[in-house]
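Student: I am new to this structure and would like to go through some of the labels used for it. Please show it first.

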Amino acid sequence: MNLLSVENIAKSYGELILFENISFGVNKDQKIALIAKNGDGKTSILNILSGKDVPDSGLVNYRKGMRVSFLEQEPELNPDLTVEQTIFASDNEVLKVILAYEKALENPEDVETYQKTFEAMDRFDAWDFETQYKQILFKLKLEDLHAKVGLLSGGQKKRLALANALINRPDLLILDEPTNHLDLEMIEWLEQYFAKENLTLFMVTHDRYFLERVCNEIIELDNGKLYPYKGNYSYYLEKKEARIEQEAVEQHKSKLLYKKELAWMRRQPKARTTKSKSRIDDFKVIKEKAHQRRATHEVQLEINMERIGSKILELHKISKSYPDKPLLNQFEYTFTKGERVGIIGKNGTGKSTFLNIIAGLDQPDAGKVVVGDTIKFGYYTQKGIAIKQGQKVIDVIREFGDYIPLKKGRQISAQQLLERFLFDRKKQYDFVEKLSGGERKRLYLCTVLIQNPNFLILDEPTNDLDIVTLNVLESFLLDFPGCLLVVSHDRYFMDKIVDHLFVFRGDAVIEDFPGNYSDFRAYEDSAVIENRATKNKVQENRATKNSWKKADRAAKLSYLEQKEHKSLEKEIQKLEEKKEEVQHRFTESGLSGEDIDALSIELKELSETIEVKTERWFELSAMLEG
């Protein structure tokens, strides 16, 4: 069933044309992601679909009576309302029934009103809905329903807007970077929620694991044209590569044909026949195709890092806490050359505070931070770039210098550096306030790297960056010879660039885990299975002791079940070995995006298979012991 059709829409701002004559549709239960470079018009398309903006030309047709919810990157919420009031401000009929019922509970003496609202709860099946919406608020850490929206942080407002969008149960849910401001636990919960709920989604996200596990179609906006791919992120990567190769073949053929036709044109007399004029028109089309250049930009970062000495960074028993909230407790660590550390943990566990202490922007309550003499920090914070009125892109970079040194004694000018960061010469003289959110982040990243640091500290660097820029940044960080400390909820990014993790558990508990994020999740999952198995074993032992009279009547294994029990032991062992092998392959250098995707999917499937077979083994073991 078609919910939305877009026909030949166009959007431009002055001389800047974002897109022209693009068309697509959204059908019920589709989960579509829109991929494009920053500044190419992703947010403009979302605004048009949500009705917040209109196209310059073309039509957007909605199915009659359809409800649409739109999650913006920076939601506009009423600051005077509480969290609860914001949720109930919706026009959702079921929410109105729940609100009336909760008000009736406050006045129990009004028996008639209570009875009416109770019956309405039954009639609208609102009991399950109430449980579900409270569950959503709990998962998104919005338990204080009486908190004023105006006092919430930017991240809390985004989570409240997301909760609102989910609770409203729209026919079409439009999402702009839904994983921003969510910690890893929340992102994984949201993945599972979208997997089990019958929702129709149209989203923009840079989270490639999210794309892989949630979406069943991807639409790419590339050089003003739309390319649909009926599959997830892995499928998109595979088919996009094939498309680019085909385009290259066609372009080569066009060049050969162009040369042939050019020779013919030069041999022709001035007088033209009708037939030759037709061929001339064809020649012009061929010429245009032959001279097309794909407007793809690959950033090649070859910054020559300043020398790094033997003493890098030492943390001696540092502690930090706020009233009723300990963040660090006598934490000790000594960084070595080339370390690449990722930091993960729930929101509010002290990750950003930890980075600020290292960078000297905050002081510990106790302990000492010793920084080596040769260390030069490059700190990318969540605050982003400070915009000055009337400042142009090129001026922002020139505040830090006109050039930076490259390897082998070469130099690169500020203009050339910006080009490498996908800002062409024309864009460099745009005013900074005209840039999209992602373009500003890209510019800010450029200002950090141009200072030639040898110790990079990155706090959520992937927020608002498009996938093209993320690949560029990952390539740079893989080649970066200095130290790296990064906080990110982008699991794909973390898997690719870090060697070990600081896991912030909360209450000043920090664990050093020797592996990347997928390694950590696999370890956590296996620990859960092991704990579950131990618990089951204890329960079984208790049951055996309490029902010794029934032991003789316990189920015995059949011949086939005995064979299955023995074979399961071998199968589980082989699967565990295979899993270790896959985890080890993540550490190999030179892995492409497709390789990472394939390995992640394989690791997930192996973990799920091991869990199923392990549970079956315990089941058969229990029967055997009985």
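Student: Why is Lys-134 called partly exposed?

Tutor: Buried means under 20% relative accessible area, exposed means over 50%, and partly exposed is in between, with a 1.4 Å probe and protein chains only. Lys-134 has 39% relative accessibility, so Lys-134 counts as partly exposed. This is a predicted model: local features need pLDDT of at least 70, side-chain atom pairs count only at pLDDT 80 or more, and totals for chains, interfaces and linings use all residues. Residues are numbered from 1 along each chain as its sequence is written, and side-chain values use heavy atoms, with hydrogens and water left out.

Student: Is Glu-102 buried or exposed?

Tutor: Its relative accessible area is 15%, so Glu-102 is buried.

Student: What makes Lys-134 and Glu-102 a salt bridge?

Tutor: The term requires a side-chain nitrogen of Lys or Arg within 4 Å of a carboxyl oxygen of Asp or Glu. The closest N and O atoms of Lys-134 and Glu-102 are 3.8 Å apart, and the pair forms a salt bridge. Lys-134 lies in helix H5 (residues 126–139) and Glu-102 in helix H3 (residues 93–106), so the bridge ties together parts that are 32 residues apart in sequence. Helices (H or I, at least four residues) and strands (E, at least two) are DSSP runs, numbered from the N terminus.

Student: What is the N to O value for Glu-112 and Lys-116?

Tutor: It is 3.7 Å, and their side chains meet in a salt bridge. Both residues lie in helix H4 (residues 111–123), 4 residues apart, about one turn of the helix.

Student: Why do Glu-112 and Lys-116 count as they do?

Tutor: Glu-112 has 55% relative accessibility and so counts as exposed. Lys-116, at 54%, also counts as exposed.

Student: Which parts of the chain do Glu-220 and Lys-240 link?

Tutor: Their side chains meet in a salt bridge at 2.9 Å, N to O. Glu-220 is in strand E8 (residues 217–222) and Lys-240 in helix H9 (residues 233–267), 20 residues apart. Both Glu-220 and Lys-240 are buried.

Student: How many salt bridges does the structure hold?

Tutor: It holds 31.

Student: What makes E11 and E13 edge strands?

Tutor: Two strands pair if DSSP finds at least two bridges between them. The open sheet has 3 strands in the order E11-E10-E13, with antiparallel pairing. Strand E11 (325–335) and strand E13 (366–371) each pair on one side only.
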